[in-house]
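User: I've got this model open and would like a close look at one part of it. Could you take me through how the helices pack, and what they pack against?

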Amino acid sequence: MVKNKAAETICWLAILALLILSIVNVVYKGTKQTLLFTRDELKSGEVSKSWESFRKEQQLSQNNAKIEDFRLTLDRNQNISSMRFTVIDPSDHSSYKMLDYSSCFSCEDQGEDRLTVTSDKVDGKPAQYDRLMTADEFFSKVEVLNNQHFFTTSRYAYTHLHSSGEYENTSYDGPYFILEGTELKQLQTSHSLDKDYRNYGSIQVIGSNSSGGYQTSEGTTKSVIIR
């Protein structure tokens, strides 16, 4: 009888422990559904201000939150069609917060006006973390390029922006530009051929007549090196 009671007690304690872990996980993943940009907000030119508001709402650090796999699609009128990215932020000395953001105002493969912000906690530093740009730095560069109308295209119905977020040495089709401070200039050769521009961040700007896909080529793509 004593053994049965002890086993029953252990069983209930195990169930309670699982329930507590489940509640903690739900609370952590119950991320605030904060919209970073409204559909036409890029036209205001205040990209950094919007990011700062989002960062504070999501309780992300200012100097250590880093961005990965940024994708943004604009229509011909410079309205946002869709956007997604991941932010990696140290939670403490041994774990990192992984926040995934996805918004869609008008997509071919999704319903309209959809926003999903989720987060998870991982143990240990992600392997790519040290190679990534900080989100503050990245969005400040996006603001400069946006205000200089670098993303504006007239030949295509949509403009796709993509950045891995990494400081890398990668070659893409099309012309190359470099943003130094607020000065934007075109380079004569690909940065992959120039040692001075290796291990810099970059954004690819690709024209397409589809909001759901694109193809990089000499005629559709231009790249800007940022740091």
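**Helix 3 and its surroundings**

Let's start with the helix pair. Val-47, Ser-48, Lys-49, Trp-51, Glu-52 and Arg-55 of helix 2 are in contact with Ala-135, Asp-136, Phe-139, Ser-140, Val-142, Glu-143 and Asn-146 of helix 3. Sorted by type, the residues of this contact come out as five nonpolar, three polar and five charged. Keep in mind that this is a predicted model.

Now the geometry. Helix 2 covers residues 47-57 and helix 3 covers residues 135-147; they pack at about 150°, and their axes are 8 Å apart. Angles over 145 degrees count as roughly antiparallel, so that is the label for helix 2 and helix 3. Their crossing is right-handed.

Setting aside neighbours within four places in sequence, Asn-146 touches Leu-42, Gly-45, Val-47 and Phe-151.

Step past the helix and you reach His-149, in the loop between helix 3 and strand 5. His-149 has 56% relative accessibility and therefore counts as exposed.

The loop between helix 2 and strand 1 holds Gln-59. Gln-59 has a phi near 55°, which is positive in a residue other than glycine. Gln-59 counts as exposed, because its relative accessibility is 69%.

Nine strands make an open sheet with mixed pairing, in the order 4-3-2-1-5-8-9-6-7. The edges are strand 4 (114-123) and strand 7 (183-186); each has a single partner strand, so one side of each has no neighbour in the sheet. On average, neighbouring strands are turned by 15° against each other, direction ignored.

At the strand 7 end, strand 6 (residues 176-180) and strand 7 run antiparallel and are joined by four bridges. Phe-177 stands opposite Gln-186 of strand 7. Helix 3 packs on this sheet, with contacts to strand 1 (66-75), strand 2 (80-90), strand 5 (158-163), strand 6, strand 7, strand 8 (201-208) and strand 9 (221-226). The direction of helix 3 makes about 25° with that of strand 1.

With 24% relative accessibility, Asp-69 counts as partly exposed.

Finally, zoom out to the whole protein. It has three helices and nine strands, and from the N terminus they run α-α-β-β-β-β-α-β-β-β-β-β. Of its 227 residues, 44% are buried. Among contacts between residues at least 6 apart in sequence, 67% join residues at least 24 apart.

Methods:
Residues are numbered from 1 along each chain as its sequence is written. This is a predicted model: local features need pLDDT of at least 70, side-chain atom pairs count only at pLDDT 80 or more; totals for chains, interfaces and linings use all residues. Side-chain values use heavy atoms; hydrogens and water are left out. Axes are lines fitted to C-alpha atoms, for helices over the stretch in contact, and angles run from 0 to 180 degrees between N-to-C directions. Helices (H or I, at least four residues) and strands (E, at least two) are DSSP runs, numbered from the N terminus. Angles under 35 degrees count as roughly parallel, over 145 as roughly antiparallel, 65 to 115 as roughly perpendicular and the rest as oblique. A crossing is left-handed if the near helix is turned anticlockwise from the far one by less than a right angle, and right-handed if clockwise. Contact means heavy atoms within 4.5 Å. Ala, Val, Leu, Ile, Met, Phe, Trp, Tyr, Cys and Pro count as nonpolar, Asp, Glu, Lys and Arg as charged, and the others, Gly among them, as polar. Two strands pair if DSSP finds at least two bridges between them. Buried means under 20% relative accessible area, exposed over 50%, partly exposed in between (1.4 Å probe, protein chains only).
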